[in-house]
Amino acid sequence: MTIIHNDTIDTLLNRRTIRAWSECEVSHDVIDTLEAAAQRAATSQYFNAWSAIRVTDEKIALKLAEIGNQPYIAQAPLLYVFIIDDHRNLRIAREAGVPEDEITLDSDYTFTQGQNDAVLALHAMETAAESLGLGCVILGSILNNSQAVIDTLHLPELTFPVLGLALGYPAVEPQLKPRMARELQIFDNTYPADNEHPSMTDALADFDAEVVTYYDTRDMSHPVRPFTEQVSSMANDRNRLQRAFGKPARRQGFTGRSF
Ligand SMILES: Cc1cc2nc3c(=O)[nH]c(=O)nc-3n(C[C@H](O)[C@H](O)[C@H](O)COP(=O)(O)O)c2cc1C
């Protein structure tokens, strides 16, 4: 396997999550650059159905840290919450006189579109930040209580929190967390049937062995658990899903034959 190197590829290949930052302030120019990169991300149907809330109020940051149960959320020099935003488009439609009962901006599809937009924008910001020497952590933990985030940030109708992004100049240099072998994750043409992929078990065992050698910066005293053990223990997490979305955890027919 030959990897071609340039600055962009090297930024992507060296990305790792950073959860501790130095005191070094992030300049206005850097902030402007990160926000411009996020806004340049692709957006489904040109709906621009995302927004981001930059949190500078310490009380709000502390509240988000409490919701996420992760103190480092409030310690980051820069903190954003990316949201699905169909509120702006709803306003545009209403002001253009589109009849209320004809507006479809509240559909599952537009929700997914906005979520995709928000994630792409966040990822553009993350990559731009890494390229400038900053380190980031993506924050799914804010969805521990999505209603509390909605209340804290005063999110209006047709918006929903997607992810937080905490950034700053790294105070740590964690090792790269392993990724699985290509054969486990990238398939040719069709998804292989389970019995067509007998080597998956062996490849996963190899991956498990590699993963336990990784030390997470959150707890340097223990290596992380094997990948398959982590997945099995999280495969039944109804309470968390119920808290995040207020809905039953399972969606039938979501993708493929069953999900
Ligand atoms: C959608 C998403 C949500 C995440 N949420 C959190 C989080 O709430 N807190 C945290 O510390 N890390 C969070 N992470 C970071 C992952 O734990 C991390 O990416 C993963 O363990 C791989 O490590 P690496 O990014 O260093 O390669 C999240 C990552 C993603 C993609």
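Strand β1 (residues 50–54) pairs with β2 in the antiparallel sense over five bridges, where strands, like helices, are DSSP runs numbered from the N terminus (E, at least two residues, for strands; H or I, at least four, for helices), and two strands count as paired if DSSP finds at least two bridges between them. Within this pairing, Ala52 stands opposite Phe82 in β2. β2 also pairs with β4, again in the antiparallel sense, over eight bridges, and here Leu79 stands opposite Ala166 in β4.

The model is a predicted one, in which local features need pLDDT of at least 70 and side-chain atom pairs count only at pLDDT 80 or more, whereas totals for chains, interfaces and linings use all residues. Residues are numbered from 1 along each chain as its sequence is written, and side-chain values use heavy atoms, with hydrogens and water left out.

In a regular strand the side chains alternate between the two faces of the sheet. Both faces of β2 are covered, with Leu78, Tyr80, Phe82 and Ile84 buried on one side and Leu79, Val81, Ile83 and Asp85 buried on the other; buried means under 20% relative accessible area, exposed over 50%, and partly exposed in between (1.4 Å probe, protein chains only). Because eight of the eight residues of β2 are buried, the strand is largely enclosed by the rest of the structure.

The largest nonpolar core has 49 residues, and Leu34, Leu64, Leu79, Phe82, Met125, Leu139 and Leu167 have the most contacts inside it; such a core is a set of buried Ala, Val, Leu, Ile, Met, Phe, Trp, Tyr and Cys residues joined through side-chain atoms within 4.5 Å. Among the elements that give two or more residues to this core are α2 (28–39), α6 (108–131) and β4 (159–168), while β2 gives the most, with seven residues. Apart from this core lies another, of seven residues, among them Ala203, Phe207, Val211 and Tyr214.

Turning to the ligand, Thr17, Arg19, Tyr72, Gly140 and Lys177 come nearest of the 15 residues around it, a residue being near if one of its heavy atoms lies within 4 Å.

| Residue | Distance to a ligand oxygen atom |
|---|---|
| Thr17 | 2.6 Å |
| Tyr72 | 2.5 Å |
| Arg179 | 2.8 Å |

The protein covers 71% of the 620 Å² of accessible area that the ligand has on its own, by the Shrake-Rupley method with a 1.4 Å probe.

How values were computed: Polar contact = N/O pair within 3.5 Å; in protein donor to acceptor, adjacent residues only side chain to side chain.
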